[in-house]
Amino acid sequence: MSKQMTGSDASRIQSSQAKGGGNMSSGGFAARAQSAGARNANTGGGGGKK
């Protein structure tokens with residue numbers, strides 16, 4: 001079973017990466033997570049606020 005990335009998930013990942021000194025570049029994991037969350041929200045894939 002796969003779970004789609006939500007905006008909330010992406011926010012959590014970005015926060016963890018920033019606090020831990022991780023890669024915050026546009027090609028980093030946090031940026032890809034944000035992109036996936038936005039894409040899923042736009043296509044009705046479970047993103048957005050509850």
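Biologist: Leaving aside its neighbours within four places in sequence, which residues is Met 5 in contact with?
Modeller: This is a predicted model, with residues numbered from 1 along each chain as its sequence is written. Local features need pLDDT of at least 70 and side-chain atom pairs 80 or more, while totals for chains, interfaces and linings use all residues, and side-chain values use heavy atoms, without hydrogens or water. Met 5 is found in the segment before α1. Counting contact as heavy atoms within 4.5 Å, and skipping those neighbours, its partners are Ala 10, Ile 13, Ala 33, Ala 36, Gly 37 and Asn 40.

Biologist: What distance separates the C-alpha atoms of Met 5 and Ala 36?
Modeller: Ala 36 is one of the contacts of Met 5. Along the chain the two are 31 residues apart, yet their C-alpha atoms are separated by 6.1 Å.

Biologist: Are α1 and α2 roughly parallel or roughly antiparallel to each other?
Modeller: Helices here are DSSP runs (H or I, at least four residues), numbered from the N terminus: α1 covers residues 7–19 and α2 residues 29–42. Their axes (lines fitted to C-alpha atoms over the stretch in contact) are 8 Å apart, and the angle (0 to 180 degrees, between N-to-C directions) is about 170°. Angles over 145 degrees count as roughly antiparallel, under 35 as roughly parallel. The pair is therefore roughly antiparallel.

Biologist: Which residues in α2 meet α1?
Modeller: On the α1 side it's Gly 7, Ala 10, Ile 13, Gln 14 and Gln 17. Facing them in α2 are Phe 29, Ala 30, Ala 33, Gln 34 and Gly 37.

How values were computed
Helix = DSSP H or I, 4+ residues; strand = E, 2+ residues; numbered from the N terminus. Parallel < 35°, antiparallel > 145°, perpendicular 65-115°, else oblique.
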